[in-house]
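Please keep the sequence and the structure in view while reading.

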Amino acid sequence: MPHLFAPTLTTLPVVGHAETFPARRVYCVGRNYAAHAREFGNDDRDPPFFFLKPTDSLQAIPMGALTEHPYPQGTSNYHFEIELVAALGRGGKNIPVATALDHVFGYAVGLDMTRRDLQRQFADQKKPWTLGKCADHSAPIGPIHPASSVGHPTDGFIRLAVNGEMKQDARLSAMTWSVAEQIAHLSGFFELFPGDLIFSGTPEGVGPVVAGDIMEGAVEGLGAIRLKVV
Ligand code: MN
């Protein structure tokens, strides 16, 4: 049967591959670095939790080049969150921690951009975070580096600078739950599939940007992405 209109397929480039990575779901982990949980007044021993962003909120950012990132409508407090993203090449249910990394195709540098004013407003009202977390273009992401080339990053730096000033500077080893533990946990609630992405949480130091700001986010071994807020 023909479609009424062209379906949207969100794809991401893969370093060293002619084929692109077709994105499926975008899972995100909340409060996965203790110091970031504390900066919002939460207990750093709370288990992490998950939310989703729309797949078409992904904004593919080429490595190196300065890419324009549109400031979204409906907010006056738009925050950066630098994150390591795991891109799954194999799915499954009830995946054990010990073999969870076998399901990861590769990794990328990502940003979980957030309308912090709306996230807080709705959280205070015990309402969903959707308007805070799911803005169009709110998931900028660099190219995917295959784990076959870069391994499984567990201890490198994770950093974000705004206009050349370091705002977030932490180690991946400071995650409360590792990527393997995230996959194991998630797969107990959802069947995971190839193409699923997991934004693995942000360290402390999040803050706002305004039009004209230049954000540079990097994870050790995965290069850097550069965005100009417009
Ligand atoms: Mn986040």
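## A helix residue to begin with

Ala37 is buried, with a relative accessible area of 2%, and this value, like the others below, comes from a predicted model. Ala37 belongs to helix α1, which covers residues 34–39, and its C-alpha atom is separated by 27 Å from that of Pro70, a residue 33 positions away along the chain.

**An open sheet of five strands**

- An open sheet is formed by 5 strands, in the order β6-β18-β17-β13-β14, and the pairing within this sheet is mixed.
- The edges are taken by β6 (66–69) and β14 (165–171), and each has a single partner strand, so one side of each is left without a neighbour in the sheet.
- Neighbouring strands of this sheet are turned against each other by 20° on average, when direction is ignored.
- Strand β6 has a covered face with Thr67 and His69, and an uncovered face with Leu66 and Glu68.
- Strands β17 and β18 run antiparallel and are joined by 5 bridges, with Glu216 standing opposite Arg226 in β18.
- The hairpin of β17 and β18 has 4 residues between the strands, and in this hairpin Gly221 takes a positive phi near 90°.
- Strand β13 (residues 157–162) pairs with strand β17 (residues 214–219) in the antiparallel sense over 5 bridges, and here Ala161 stands opposite Glu216 in β17.

**The enclosed strand β3**

- Strand β3 is largely enclosed by the rest of the structure, because 5 of its 5 residues are buried.
- Val26, Cys28 and Gly30 point one way from β3, whereas Tyr27 and Val29 point the other way, and all of them are buried.
- Strand β3 is joined to strand β4 (residues 49–53) by 5 bridges, and the two run antiparallel, with Phe50 in β4 as the bridge partner of Val29.
- Strand β3 also pairs with strand β15 (residues 197–199), in the parallel sense and over 3 bridges, and in this pairing Tyr27 stands opposite Ile198 of β15.

- How many disulfides does the structure hold? The number is 0.
- The cysteine sulfur closest to that of Cys28 belongs to Cys134, at 7.9 Å, which is too far for a bond, since a disulfide requires the two sulfur atoms to be within 2.5 Å.
- Cys28 is buried, with a relative accessible area of 0%, and Cys134, at 18% relative accessibility, also counts as buried, because the cut-off for that word is under 20%.

**The largest pocket**

- In general terms, rolling a probe the size of a water molecule over the atoms shows where empty space is left.
- The largest pocket holds about 270 Å³ of space, and of the 19 residues that line this pocket, the closest to its centre are Arg31, Phe40, Arg116, Gln119 and Trp129.
- The elements that give two or more residues to the lining of the largest pocket are β3 (26–30) and α3 (116–124).
- Helix α3 provides the largest share of that lining, with 5 residues.

Notes. Residues numbered from 1 in each chain as written. Predicted model: local features only at pLDDT ≥ 70, side-chain atom pairs only at ≥ 80, totals over all residues. Heavy atoms only, no water. Pairing = 2+ DSSP bridges. Axes fitted to C-alpha atoms, helices over the stretch in contact; angles between N-to-C directions. Buried < 20%, exposed > 50% of the residue type's maximum accessible area, 1.4 Å probe, protein only. 1 Å grid on protein atoms, 1.4 Å probe; cavity = no way out; pocket = protein on both sides within 12 Å on 5 of 7 lines; lining within 4 Å. Points joined across faces, edges and corners; volume = space filled by probe spheres on them.
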